[in-house]
Amino acid sequence: MNELNTDLRLRDFIQQRDMSQSAMVHLIAFPSDQGVLINNGRPGSAHAPELIRARLFNLTPHPAYTQKHTKLLRKVVDSGSIPCSEDLDSDQNLLGSTLAERLMKKIIPVVMGGGHETAYGHFLGYVHAGKPVTIVNIDAHTDVRPLKNGRSHSGSPFRQAIEHPSGLCIGYHVFGLNPSTVATDHDQFVREHGSVHYESDTTLESIINCFRSAGESVMVTMDMDAVCQSEAPGVSAPNASGLSSKFWLNLAFELGKQPNVTSFDLCEVNPTYDVDGQTIRLAALTIWNYLLGVALREL
């Protein structure tokens, strides 16, 4: 066996831009931080998807689960990037229509954001597909702020989903909240439509229990600012408290194993403020762990 075959990486298995019927997962980049700018945040997350993809592709399959992991990876397709502009509404709608094609074929979209405005475009995939969905968000913030001058932004995606006239958001559950960043009105708004879980009561058990009554389709979104700033410095809104990276990665793995998780996104990585690629590496490992979880589902 030559050297090229003894050190295989994810890039050796993942297909490029193929809509073959054997595909199970599509990787899609949404390089937008327009919503962060509208929300008066610090830009830079638009540069994250390509860096996350490059790091992810350089990782190896899990040596203890090589057969199952590589079997899935051969059914993963890199679908490239959504061409983003300064027209956020249009970009989110394009992401939605792109995801709807996959959802209707029972392909699992894995979206690499971008700011958390990514999540509303993600939800629009279910709107375009006409599918009811429960949203599970791992985040330091509730992100249910009103629009700003009628404009969508990184702090509004879940209010937009909940209030969408389609009524297709049938529940919203947020875990990992930092209590110092949640307004009382936002806490109450979320409780009226789902559940609120702060850092202190965010456990694997509490999250997995949520899936038992969440319905057939669950959209998962993981905002990197839920992780403690010391372990994830390169984010749009640093979190001096937050979840540990070990818990975060284990959670991504467990989320991948849940059979009713039909789509996934990772948001708010900001390379401009990263240290030695620390947060990019964590983001790539997050997706790696999620894919490993999918590989171990009882399919």
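The structure is a predicted model, in which local features need pLDDT of at least 70 and side-chain atom pairs count only at pLDDT 80 or more, while totals for chains, interfaces and linings use all residues. Residues are numbered from 1 along each chain as its sequence is written, and side-chain values use heavy atoms, with hydrogens and water left out.

**The sheet**

- Nine strands form an open sheet with parallel pairing, in the order β1-β3-β2-β4-β9-β8-β5-β6-β7. β1 (15-16) and β7 (194-198) are at its edges with a single partner strand each, so one side of each has no neighbour in the sheet.
- Strands (E, at least two residues) and helices (H or I, at least four) are DSSP runs numbered from the N terminus, and two strands pair if DSSP finds at least two bridges between them.
- Strand β4 (residues 108-113) runs parallel to strand β9 (residues 261-267) and is joined to it by three bridges; M112 stands opposite L266 in β9.

**Strand β5**

- Strand β5 (residues 133-138) is largely enclosed by the rest of the structure, because six of its six residues are buried (under 20% relative accessible area, with a 1.4 Å probe and protein chains only).
- In a regular strand, side chains alternate between the two faces of the sheet. Both faces of β5 are covered, with V133, I135 and N137 buried on one side and T134, V136 and I138 buried on the other.
- β5 pairs in the parallel sense with strand β6 (residues 169-177) over six bridges, and T134 stands opposite G171 in β6.
- β5 also pairs in the parallel sense with strand β8 (residues 218-223), over five bridges; here I138 stands opposite M222.

**Pockets**

- A pocket is an open set of points on a 1 Å grid over the protein atoms alone where a 1.4 Å probe fits, with protein on both sides within 12 Å along at least five of seven lines; lining residues have an atom within 4 Å of a point.
- The largest pocket holds about 430 Å³ of space, the volume being the space filled by probe spheres set on the points. Its lining has 17 residues, of which K106, E216, S217, P259 and T262 lie nearest the centre.
- The second largest pocket holds about 320 Å³ of space. Its lining has 19 residues, and N39, H141, D143, R145 and A237 lie nearest the centre.

Terms used
Buried means under 20% relative accessible area, exposed over 50%, partly exposed in between (1.4 Å probe, protein chains only).
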